[in-house]
Amino acid sequence: MDRTSDMTDLERTEPEPTEQEPSASERTAEAVAEGAAAPAAGAGRGRTVLVAGAVAVVAAVAVVGALGLGGGADDPGAPARSGSLVQVTKEDLVERTQVEGQLGYGAEIPLPVKATGTVTWLPEPGTTVERGGDLLRVDDRPVVLLYGALPMFRELGLVQEAPPTPTPTATPGSGRGGDGSGGSTASSGGSGKGGGTGTGPSTGTGTGTATGTASASGAPTRPLRGMDVMQFERNLAALGYTGFTVDEEFTTGTATAVKRWQKSLGLPQTGRVGIGDVIYSTGQVRIGHAAVRLGSAVGENALTHTGTARKVVVNASAQEASWAVRGTAVTVTLPDGREAPGEVASVGTSATAGPDNGGGGGGGEGGGQGGGSDAARATVPVTVVIADQEALGRLESGPVGVSYVGKERRGVLAVPVAALVALAEGGHGLETTDGTFVAVQTGLFADGKVEVSGPAVREGLKVRVPE
């Protein structure tokens, strides 16, 4: 074969020049733009694979961008992290604990009724009685309320002294004796004549007088003395009666004022106060329930009462009652959400065992376990007084909440609890504005905030609260 034929064969084997193949996206765009018919089966499958691959790449890039991958915090193309920024603040944190209480007027106490007779009138339950008011009527006589701490333990009035018994006195007589033996006879306030036989003093007549201590105006009196007298006179003066001195002596002036008071009550004006005429209390009373009916014989427990101020009683756990100290400030939360300040007034000294749920009883180990269960449920009554009675509205009784301060931290660094994040290496941290995390130590949790501390934590530091 010569060179010419070789060249001819080479020229024949070289491919003819063709147009450059369009890209997959160009072919897809061209097909959509021109509305061309579907290509042959083989070519259509190749183009479909190319289009699907391009769409997958775009989707992957979009996901990476959404996740913020491939860019730093300062990358303007990266999306901002969601969440609000807050500052670390210095403040006082107070942890409050709420327990259940019962609003009311307190336990009902029997009135010390000392009158005797038949009950002829009773007040309605819930009635408020003030000084000088009627608590009840016995034999149609009022039993009056007065203020004081001493109970009525005796009748009050002028003390009558018994007149002295007259003592007879003998007066020597004078007379002329006669013959015979005899004795002289002396009579008190009279005369006599004696005689007889024999020798002896002569009889004679004599006169003598005897005097008595009885007063024409009756038995003498003297003032009654005592602290109970002063207590009664204070009440008498408070009711508007005068003419006596408020002291420890019940004088004729006091008796005169008592008569005027008795006249206003429709009572006989004796000037004396019977032991059952009055009942003392430290202030106004609210009538509870009556233990007797009209027409029944009165007794010491005939009528109960409470104070007029509403209060709250909490049956606090005996094991967790260290907060209940007299004078401790608390907050009372009413059923409608309103709050009223209160103060612990008293704490019971006797614990009451909780209800028996069928667990205890018996001796041996069973009995011991039952006793331990009762001790765990034991409660003590804690009474809370409320100075601002108007803050309670018209509510007279019902369940309420009582919150008290359990723990308190003053002047500590704090952030919202939601700002805490769990660190991979353990513990908690805070995320700063540049995306870094600082480890913190947590302290008291209260009111949605938490005490934080650490070398990198300072007041005013801005941290992120993730959403």
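Glutamate 408 counts as partly exposed at 39% relative accessibility, on a scale where buried means under 20% relative accessible area, exposed over 50%, and partly exposed in between (1.4 Å probe, protein chains only). Its salt-bridge partner is arginine 410, with the closest N and O atoms 2.6 Å apart; a salt bridge is here a side-chain nitrogen of Lys or Arg within 4 Å of a carboxyl oxygen of Asp or Glu. Arginine 410 is exposed, its relative accessible area being 57%.

The model is a predicted one, in which local features need pLDDT of at least 70 and side-chain atom pairs count only at pLDDT 80 or more, while totals for chains, interfaces and linings use all residues. Residues are numbered from 1 along each chain as its sequence is written, and side-chain values use heavy atoms, with hydrogens and water left out.

Over the whole structure, a search finds 14 salt bridges. One of them joins aspartate 228 to arginine 154, and the closest N and O atoms of this pair are 2.7 Å apart. Helices (H or I, at least four residues) and strands (E, at least two) are DSSP runs, numbered from the N terminus. The two partners fall into separate accessibility classes: aspartate 228 is buried, at 8% relative accessible area, whereas arginine 154 is partly exposed, at 25%. Another salt bridge pairs arginine 137 with aspartate 140, where the closest N and O atoms are 3.2 Å apart.

The strands may be taken next. Four of them form an open sheet in the order S3-S14-S13-S5, with antiparallel pairing; two strands pair if DSSP finds at least two bridges between them. Strand S3 (109–110) and strand S5 (128–129) are the edge strands, each pairing on one side only. S5 is joined to strand S13 (residues 285–290) over two bridges in the antiparallel sense, and threonine 128 has arginine 286 in S13 as its bridge partner.

Strand S18 (residues 379–385) runs antiparallel to strand S15 (residues 311–317), and seven bridges join them. Within this pairing, valine 314 stands opposite valine 382 in S18. S18 is also joined by four bridges to strand S17 (residues 339–347), again in an antiparallel arrangement, where serine 346 has threonine 383 as its bridge partner. Threonine 383 is buried, at 17% relative accessibility. Apart from neighbours within four places in sequence, threonine 383 is in contact (heavy atoms within 4.5 Å) with Lys311, Val312, Val313, Glu343, Val344, Ala345 and Ser346.

A further buried residue is glutamate 451, with a relative accessible area of 11%. Glutamate 451 lies in strand S23 (residues 449–453). Not counting residues up to four places away in sequence, glutamate 451 touches several residues, among them Leu93, Arg409, Val412, Gln441 and Leu444.

There remains the empty space. Rolling a probe the size of a water molecule over the atoms shows where such space is left. On a 1 Å grid over the protein atoms alone, a cavity is a set of points where a 1.4 Å probe fits but cannot get out, and a pocket is an open set with protein on both sides within 12 Å along at least five of seven lines; lining residues have an atom within 4 Å of a point. Grid points are joined across faces, edges and corners, and a volume is the space filled by probe spheres set on the points.

The largest pocket has a volume of about 340 Å³. Of its 17 lining residues, Ile109, Ser281, Thr282, His305 and Gly307 are the closest to its centre. S3, strand S12 (278–281) and strand S14 (303–306) each supply at least two residues of this lining.

By the cavity rule, the count is two cavities of 30 Å³ or more. The second largest cavity has a volume of about 40 Å³, and its lining consists of Trp261, Gln262, Leu265, Leu267, Arg272, Val273 and Asp277.
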